Amino acid sequence: MATIGEIELSAEGFDAVIFDCDGTLVHSMPYHFEAWCEALALHGAGGIFKEDVFYAMGGRPTKDIVVEINDEYGLKLDPERVAFSKREAFLKKLDKLELIDEVAAFAESLRGKVPMAIATGGTRMVIEKTLQAVGVSDLFEDVVTADDVKIGKPAPDIFLRAAQLLGVKPEKCLVLEDAPAGVMAGQLAGMTVISIPAPLNYVVKK
């Protein structure tokens with residue numbers, strides 16, 4: 001069980017709700033961090049990516065993060081190769097993922113009442129497998145990923161694309177997000193954003 005404690009979630013006054021996936025709907029961030037550490041170690045850059053930096057960069061596309069790591073540490077890591085390694089490491093952890101209870105319950109309460117979408121900095125293949133792993137693939141009308149836009153979060157493109165697919169004006173969309181880049185992206189899209197806190201007292205499953 002992954003829980004964030006008491007939080008007020010209401011779609012009243014909105015025509016659509018857009019959810020981030022990792023860290024907002026699905027308790028997956030510790031496993032993404034593990035996958036990052038494994039991938040960087042595989043490419044000779046083990047130990048450089050600190051956990052607090054990882055969480056601060058949450059929501060951004062993997063390849064963008066590799067570019068920033070290169071700039072920060074003077075490295076020449078191949079973004080494509082590191083992203084592939086990180087993806088493969090994460091896919092081995094799918095059985096450990098859990099829904100964040102309060103957010104999942106909110107989404108379930110809106111089923112058939114309010115159109116919903118996922119808007120994520122993850123890639124389509126990984127996000128689809130993530131949603132399947134936690135059993136909510138059928139809950140959302142649309143899924144927009146980093147593969148669907150030219151510029152990822154914190155740019156607003158992903159959220160604007162989700163609103164377009166749902167046929168709803170951006171200002172009538174409610175966004176649920178956990179990461180700074182995602183919160184900024186939602187706000188730049190002209191949407192109302194609820195910031196989702198990290199789960200309480202969680203234990204990383206080995």
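**Cores, a helix and a glutamate**

Author: In this predicted model, F140 touches F19, L25, A107, M116, A117 and I118, leaving out residues up to four places away in sequence.

Reader: Which element gives the largest share of the largest nonpolar core?

Author: This core has 38 residues, and F140 is among those that touch the most other members, as are V17, F19 and L25. The elements that give two or more residues to it include β1, α4, β4 and β6. The largest share, 4 residues, comes from α5.

Reader: How many residues does the second, separate core have?

Author: Its members include V149, A163 and V175. A117, which F140 touches, is also one of them. The second core has 17 residues.

Reader: Within what arc do the buried residues of α7 fall, seen down its axis?

Author: Helix α7 covers residues 157-166, and its buried residues are I158, F159, A162, A163 and L166. They pack against β1, β4, β5, β6 and α8. Seen down the axis of α7, they line one face of the helix, because they fall within an arc of 135°.

Reader: Is E177 buried or exposed?

Author: E177 is found in strand β6, residues 173-177. Its contacts beyond four places in sequence include D20, K153, F159 and S195. Buried means under 20% relative accessible area. E177 has a value of 0%, so E177 is buried.

Reader: Which residue has its backbone nitrogen 3.3 Å from a polar atom of the side chain of E177?

Author: The polar atom belongs to the side chain of E177, a residue of strand β6. The backbone nitrogen at 3.3 Å is that of A179.

Notes
Residues are numbered from 1 along each chain as its sequence is written. This is a predicted model: local features need pLDDT of at least 70, side-chain atom pairs count only at pLDDT 80 or more; totals for chains, interfaces and linings use all residues. Side-chain values use heavy atoms; hydrogens and water are left out. Buried means under 20% relative accessible area, exposed over 50%, partly exposed in between (1.4 Å probe, protein chains only). A polar contact is a pair of N or O atoms within 3.5 Å; within protein, one must be able to donate a hydrogen and the other to accept it, and residues adjacent in sequence count only if both atoms are side-chain atoms. Contact means heavy atoms within 4.5 Å. The arc is that of the directions from the helix axis to the C-beta atoms. A nonpolar core is a set of buried Ala, Val, Leu, Ile, Met, Phe, Trp, Tyr and Cys residues joined through side-chain atoms within 4.5 Å.
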